[in-house]
Amino acid sequence: MSTVIQHELIGRFREVVDDDALLHAPEELFVYECDGYVVEKKAPDVVLLPTSTEQVVRIVKLCHEFGVPFVPRGAGTSLAGGCLPVGGGVMIALTRMHRILDVYLRDRYAVVEPGLVNIHLTRHLKGTGYHYAPDPSSQGACTIGGNVATNSGGPHTLKYGVTVNHVLGLEVVLPDGSVAELGGPAEDVPGYDLTGLFVGSEGTFGIVTKIIVRITRDPAAYRTMLGVFETVADATRAISKIIGAGIVPAALEMMDQGIIEALEAAFHFGFPLDAGAVLLIEVDGLEVSVADEAHQIVKLCEDAGAREVRRADSDTERQLLWKCRKQAFGAIGRLSPSYCTQDGVVPRTKLPEILDFITESGARHNIRIVNVFHAGDGNIHPILLFDERDEDQIARVMKASDEILGKCLELGGSVTGEHGIGVEKINFMDKLFQPNDLAVMADVRMAFNPDGLCSPRKMLPTAGACGMESIERSHPGKQAAS
Ligand SMILES: Cc1cc2nc3c(=O)[nH]c(=O)nc-3n(C[C@H](O)[C@H](O)[C@H](O)COP(=O)(O)OP(=O)(O)OC[C@H]3O[C@@H](n4cnc5c(N)ncnc54)[C@H](O)[C@@H]3O)c2cc1C
């Protein structure tokens, strides 16, 4: 953005938001130069922190009037560079719109603002017998608006589904500043399912300013277990046996030896440091069914070669196990200064093959890789450890990441299970989809976002007026400065 435009626009923004909601000093913008994808950085020219839909509308209209690109941001935990202001522009951070507006327990829905931190809704509902089911591991920080934009999953996705299965309606500010209400609290609203279309659009259709979410009855009973295995292959065999037996656990998470080591150092839970892998398995439902399923699961794990299967004997122990799992990424800080979390999917039966490939790729590029993932879904999260001050390490991380994602495709999977495409995986889109499919997606984006000002150069290869044109980059995830 030119200095002249920046100056004039800032003057106009001052009429919309308070001084403390308008950031433009370099040291303030520095905080917003990247999200959880630290490989690529670019500070926005201005950051705004609106507190109402009306302010969002006025900000968007000004961006539209000045022809300036803008990008919405929640908590900035995206691991795919979703919030990166490619080429600069205005960032609209929704974190001050964090109210729970209404809760209708008997109708099982709540209305929330987009900046509400995911776990705050479940905490608010504690004691009512209900909770908000989508639970990304980042739920202590990420916002429900960000979850909607990326269609987040989480450990309990296996049984309860992803964000789109829990969103009934949205209020959105479109890129020209108009407001639309999509869906609504009643099931099966007639007309096109625009709510479903908006969920997962990664900020490329407009800005979500209100969300009607489904709330879910708490299960009557849980059983949480930790299966300890000598090898990843044994653990994977147990997963196949459990699913093959017709049991759908509420969660089925795998952690390999590298993660176990980091977690034990951080939480002292008593994880076995010499185990090849552990499975965190949870079943929930009626007492009688969970008791039976837990019994079967122990037997199936033992049949697959488990060294032992521990049960969480108390709610405190269950909470601690989940705390370990959900803070696994944080614990990695003990292993390396930076990390890049990949997000691929393979058919469950291909897990041993992809995990062997990950180990081999890490060795070839001399990059340490540890794994923690939603194994029940076949959703892998290899975590590549590196030091971002070393360009050569970054290049090797990118090469290994590319290879791993390419292998997921070769095995019949996908390059993202839940983190989205962002800027990081944009060059994989034409490997995943046929040109016609991409053209349909570009047309849909054009319908919402005809000037391309909202979240430009995200998710799809650049959409020109007449179709797709690929972005040339030195490696995937390097277009920020352009
Ligand atoms: C430690 C860790 C663990 C994670 N675990 C999981 C996991 O288990 N499952 C999972 O799915 N993801 C996970 N993630 C990724 C990330 O937390 C999710 O993608 C999350 O939904 C992002 O939410 P956010 O508020 O941080 O959004 P941001 O990172 O701020 O934004 C993400 C995207 O949403 C867009 N956006 C944000 N708010 C809005 C809005 N109001 N309207 C329109 N667009 C908007 C942004 O432009 C961007 O494209 C994890 C990340 C970390 C760091």
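Predicted model: local features only at pLDDT ≥ 70, side-chain atom pairs only at ≥ 80, totals over all residues.
Biologist: Let's start with strand β8. Is it mostly covered or mostly open?

Modeller: Mostly covered. β8 spans residues 167–173, and seven of its seven residues are buried.

Biologist: How many bridges join β8 to β10, and in what sense do they run?

Modeller: There are six bridges, and the two strands run antiparallel. β10 covers residues 207–214.

Biologist: Which residue of β10 stands opposite Leu170?

Modeller: That is Ile211.

Biologist: And how many bridges does β8 have with β9?

Modeller: Five, again in the antiparallel sense. β9 is residues 179–183. Val172 has Ala180 of β9 as its bridge partner.

Biologist: How many residues sit between the strands in that hairpin of β8 and β9?

Modeller: Five residues. Gly177 in this hairpin takes a positive phi near 95°.

Biologist: Now β12. Why call it largely enclosed?

Modeller: Because seven of its nine residues are buried, the rest of the structure largely encloses it. The strand covers residues 221–229.

Biologist: Which strand does β12 pair with over nine bridges?

Modeller: With β14, in the antiparallel sense. Thr224 stands opposite Glu282 of β14.

Biologist: What about β12 and β15?

Modeller: They pair antiparallel too, over four bridges. β15 is residues 308–311. Gly227 is bridged to Val309 in β15.

Biologist: Where does Ile281 sit?

Modeller: In strand β14, which runs over residues 277–285.

Biologist: Why is Ile281 classed as buried?

Modeller: Its relative accessible area is 0%, so Ile281 counts as buried. The cut-off for buried is under 20%.

Biologist: How far apart are Ile281 and Gly227 in sequence and in space?

Modeller: They are 54 residues apart in sequence. From C-alpha to C-alpha, the separation is 7.6 Å.

Biologist: Switching to Thr359. Buried or exposed?

Modeller: Exposed, because its relative accessible area is 55% and exposed means over 50%. Thr359 belongs to helix α13, residues 351–364.

Biologist: What separates Thr359 from Tyr192?

Modeller: Along the chain, 167 residues. Their C-alpha atoms are 45 Å apart.

Biologist: And Thr195, which helix holds it?

Modeller: Helix α7. Thr195 has 7% relative accessibility, so it counts as buried.

Biologist: What does the side chain of Thr195 reach?

Modeller: The backbone nitrogen of Gly183, at 3.3 Å. Gly183 falls in the residue range of β9, 179–183.

Biologist: On to the ligand. Which residues come nearest?

Modeller: Pro72, Gly74, Thr77, Ser138 and Thr143 come nearest, out of 35 residues around the ligand.

Biologist: What does Thr143 do there?

Modeller: One of its polar side-chain atoms lies 2.6 Å from an oxygen atom of the ligand. Thr150 also places a polar side-chain atom by a ligand oxygen, at 3.0 Å.

Biologist: Which kind of ligand atom lies 3.0 Å from Glu418?

Modeller: A nitrogen atom. The Glu418 atom in that pair is a polar side-chain atom.

Biologist: Which helix gives the most to the lining?

Modeller: α16, with four residues. Helices α5, α7, α15 and α16 each supply at least two.

Biologist: How does the lining divide by residue type?

Modeller: Into 14 nonpolar, eleven polar and three charged residues.

Biologist: How many cavities of 30 Å³ or more does the structure hold?

Modeller: Two. The largest cavity has a volume of about 50 Å³.

Biologist: Which residues line the largest cavity?

Modeller: Among them are Pro69, Phe70, Val71, Leu84 and Pro85. Pro456 and Lys458 are also in the lining.

Biologist: And what types make up that lining?

Modeller: Eight nonpolar, two polar and one charged.

Definitions and conventions: Residues numbered from 1 in each chain as written. Heavy atoms only, no water. Buried < 20%, exposed > 50% of the residue type's maximum accessible area, 1.4 Å probe, protein only. Pairing = 2+ DSSP bridges. Nonpolar A, V, L, I, M, F, W, Y, C, P; charged D, E, K, R; others polar. Near = heavy atom within 4 Å. Polar contact = N/O pair within 3.5 Å; in protein donor to acceptor, adjacent residues only side chain to side chain. 1 Å grid on protein atoms, 1.4 Å probe; cavity = no way out; pocket = protein on both sides within 12 Å on 5 of 7 lines; lining within 4 Å. Points joined across faces, edges and corners; volume = space filled by probe spheres on them.
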